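This report concerns the salt bridges and the helix packing of one protein structure. Please consult the sequence and the model while reading.

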Amino acid sequence: FGEPIITINDLHPSLRVDLQIGNSDAQPEVGMAEALDMFQGTNGRRKVIGLVGGAYSSVSMPIASLATQFKVLQISYGATNAKLSSKSEYPYFLRTIPPDSIQAAGQWRFIKFFRVGSVTWVYSE
């Protein structure tokens, strides 16, 4: 792959990071199949200890349940469903974006503070 983009000093000499890329096509069943292959190390995949994704809550939620069974850490950059905040149900799930409930509260405070007279929301799935 060439020279590293950045150099990190004092890493353990046997540390190795492998990247595997999968695609859910925004479909929960496709994402589950990809994740299962990665968690089990099947279909030419190596077993993983962590997963980044999915982009949608509808994909992340079933994968988070599966990740709990396999004890694999999952980090999502786009899943906003508040149910994913339940550490008892999804103990191996983390996210980098706030859940919808917090985003909505912030949006409402913004609207009230600036006395916005009209608001339009566009939602797509």
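## A salt-bridge network

Arg46 and Asp18 form a salt bridge, with their closest N and O atoms 2.5 Å apart; the term denotes a side-chain nitrogen of Lys or Arg within 4 Å of a carboxyl oxygen of Asp or Glu. This pair links distant parts of the chain, since Arg46 lies in the loop between H1 and strand E1 (50-52) and Asp18 in the segment before H1, 28 residues apart. Helices (H or I, at least four residues) and strands (E, at least two) are DSSP runs, numbered from the N terminus. The model is predicted: local features need pLDDT of at least 70, side-chain atom pairs count only at pLDDT 80 or more, and totals for chains, interfaces and linings use all residues. Residues are numbered from 1 along each chain as its sequence is written, and side-chain values use heavy atoms, with hydrogens and water left out.

Asp18 also forms a salt bridge with Arg16, where the closest N and O atoms are 2.9 Å apart. Arg16 counts as exposed because its relative accessibility is 61%, whereas Asp18, at 39%, counts as partly exposed. In these terms, buried means under 20% relative accessible area, exposed over 50%, and partly exposed in between (1.4 Å probe, protein chains only).

## The remaining salt bridge

Under this rule the salt bridges number three. Arg45 and Glu34 provide one of them, with an N to O distance of 2.6 Å. Here, too, distant parts of the chain are linked: Arg45 is in the loop between H1 and E1, and Glu34 is in helix H1, 11 residues apart. Glu34 has 24% relative accessibility and therefore counts as partly exposed. Through shared partners, salt bridges join Arg16, Asp18 and Arg46 into one network.

## Packing of the two helices

Helix H1 (residues 28-40) packs against helix H2 (residues 57-70) at an angle of about 25°, and their axes are 9 Å apart. Axes are lines fitted to C-alpha atoms, for helices over the stretch in contact, and angles run from 0 to 180 degrees between N-to-C directions. H1 and H2 are therefore roughly parallel, a description used for angles under 35 degrees.

The contact (heavy atoms within 4.5 Å) involves residues including Met32, Leu36 and Phe39 of H1 and Val59, Ile63 and Leu66 of H2.

Key. Angles under 35 degrees count as roughly parallel, over 145 as roughly antiparallel, 65 to 115 as roughly perpendicular and the rest as oblique.
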